[in-house]
Amino acid sequence: MTRIAALGLALAACDPAVGPAPDVTEAAACAPGDLDHPQALAFLGDTLVVASTGYATPDWGTGRVTFFDVDASRATAVQETAWQNPQGLAVHDGRVLVASTGVYDFSGSLPRMATPGGIEIVDPAHPRDGARTIPLDIGPDGRAGGPVDVVVVGDRLFISSGIAPRVHVYDLARQVWVRGPSDPVVYGDGDLGLGTLATDGRRVVLVDYNADRLHLLDAVTGEPWACSVDLGESPELEGAKAPVIVGDDLYVVLDQAGLVRRVRLPADAADACPGLRAETVAVTGLLPNDLAVRDDRLYVVHSGDNNIQVLDLATFDPVDLHVLPPGSNPWQLVFHPGRPLAAVSEWQASGVTLIDLADGHQRRLRCDAETPPVAAPPAGPDPIGEARLADEVRAAPSAGDGPFRDPFRAVNGVRGGGDAQGGLDVFSLGTTPDVDDHVVLCWSDGPITAGPGPELVVFENPFQGFVDPVIVEVSADGEAWATFPHDYRGDDETRYDPDPALWVGFAGVTPVRFHAEDHRVDPFDAAAAGGDAFDFDDLDASDAAARVRAEGAACVRLVSAQARVNPDSGQAFPVAPVADGADIDGVYGRIR
């Protein structure tokens, strides 16, 4: 399910940062809560503007815009947003434009908006005096609204949607819609759209994450030019985002494939197609989330590796690395307009780090009352007890070069993200039936044997509001398989419903709280560890099941449910629109 991150829900970083330790100071810059899962940033002179999403599940908190004096390392003002989940910022005519998306609803076959959103125009000189608002209603079916990104060209404000292939255009000078909610610009030919925007003042580019496509828009009317460009390397969705224009070149990241790609842009609409092609210029680290350019350097923000890699724009060779705190989940990078100073938002750490580009010194702006102490490892015996991790990969047909295509991640320990987000230390399955839809994991130290209680626990990466169903099979010899009974009990079994109670007998239903380093508990303690437990007693009366009960399970096979037919409906088991194959964190069993 790695795509869900791009719909405003970040994935908690789990891999430790790698690189030289930076020179760091930390400042108590604001009151607790003033930075709460920040994303978008913008500089307005020496003032840094930060949009905090207030992310939480099931109920999102209040969005905020916080203004920081970067020289004093302190907040000067905090303004609550009119709508929840502010994700986009732009600066125009000395004012700050804030795009608040609202809260998503993933319960149906297509994502919808549960609450409305809109644009606020804030005067930074008087941020507490209120903002002019431009509402975007969600419509009767919840498929309208959802503003996620904004750019300004002259007096034209371009607003992309987080749920549909749609752009709105607003005239800031006349304060009227050019293309409003009743007449949006529609691009592409699908139902899903997650657009990020960029402009050089002559052209507006829109990159659609859900289709890996580039669309060129007229900078006055917003009308799409004659064609679009495929940004991906493969037919699978690779997560194109973070467009940045340098001269006539457009750069984007593919966050699921771990690539930076480049497209040479045409000068005008008449020259748009054919012939536009994307080319790979760099392989990145884990989960590249943002790109930024300063001078002749390309900065790649890695949300998974917790660092910022700097590439030479002429050769794309790495020339620098800025290491951020483990688990900080850096999100967006911006540069001061006149000084060698960068700022990066840290989604999971709920903080911001300022980086002096001249000497690498970092100032971390935090809003905690105090820095919590690092917990000491628990004394006494290992809480894992008699549980054993499946530590051999017998088959992994979806393995590849992408950051989530390394099958070692399914056997190197479980590192869950908790109730609110999925983990990153996962191996992604495919969705083609009997081709790449499964992984086979085995135990090197003997079979998992029957006894009281469940024999194994499967850890995928669901979280509150999202399930990623997995069918679980076991075998005594790795050849004959017994399938655990499973039943989807939605009112309409052709439509996805994220209620865990409806997914009986599946894995990928319960959030993963177990973490090999940070929350090492008994994997079979359901409340503490999470995950989905399975008992051999629930297997059917087949010969393969009888063998497993008598001899134990040497291996487990995990299958993406969306690649299998639901016998109740005659169709594939439904999944969330953004799901693209289950993500396996690991499996524990009992060797008694």
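Modeller: This is a predicted model. In it, a disulfide joins Cys442 to Cys555, with 2.0 Å from S to S.

Colleague: Which hand does the disulfide of Cys442 and Cys555 have, right or left?

Modeller: The torsion about its S-S bond is about 100 degrees, so the disulfide of Cys442 and Cys555 is right-handed.

Colleague: And where do Cys442 and Cys555 lie?

Modeller: Cys442 is in strand β36 (residues 438–442) and Cys555 in strand β43 (residues 555–560), so the link ties together parts 113 residues apart in sequence. Both Cys442 and Cys555 are buried.

Colleague: How many disulfides does a search of the whole structure find?

Modeller: Two. Cys30 and Cys367 also form one, with their sulfur atoms 1.5 Å apart. The link of Cys30 and Cys367 is left-handed, at -60 degrees about the S-S bond.

Colleague: What parts of the chain does the pair of Cys30 and Cys367 link?

Modeller: Distant ones, 337 residues apart. Cys30 sits in the loop between β1 (24–28) and β2 (38–44), and Cys367 in the loop between β32 (362–366) and β33 (387–389). Cys30 and Cys367 are both buried.

Colleague: Switching to aromatics. How many aromatic pairs does the structure hold?

Modeller: There are 14. One of them is Tyr55 with Trp60, an edge-to-face pair at 4.9 Å centre to centre and 85 degrees between the planes. Both Tyr55 and Trp60 are buried. Another edge-to-face pair is Tyr299 with Phe335, at 4.9 Å centre to centre and 70 degrees between the planes.

Colleague: Which strands hold Tyr299 and Phe335?

Modeller: Tyr299 is in strand β26 (residues 297–302) and Phe335 in strand β29 (residues 330–335), 36 residues apart. Tyr299 is buried, with a relative accessible area of 8%, and Phe335 is buried too, at 17%.

Colleague: Back to Tyr55 and Trp60: which aromatic cluster do they form part of?

Modeller: One made up of Tyr55, Trp60, Trp331 and Trp347.

Colleague: Last topic, Asp585. Where is its place?

Modeller: Asp585 is in the loop between β46 (583–584) and β47 (586–590).

Colleague: What else does Asp585 touch?

Modeller: Leaving aside residues up to four places away in sequence, its contacts include Arg409, Gly413, Asp425, Phe459, Glu460 and Val512.

Technical notes. Residues are numbered from 1 along each chain as its sequence is written. This is a predicted model: local features need pLDDT of at least 70, side-chain atom pairs count only at pLDDT 80 or more; totals for chains, interfaces and linings use all residues. Side-chain values use heavy atoms; hydrogens and water are left out. Helices (H or I, at least four residues) and strands (E, at least two) are DSSP runs, numbered from the N terminus. Contact means heavy atoms within 4.5 Å. A disulfide is a pair of cysteine sulfur atoms within 2.5 Å. Buried means under 20% relative accessible area, exposed over 50%, partly exposed in between (1.4 Å probe, protein chains only). Rings of Phe, Tyr and Trp (its six-membered ring) pair if their centres lie within 6.5 Å; planes under 30 degrees apart count as stacked, over 60 as edge-to-face and the rest as tilted.
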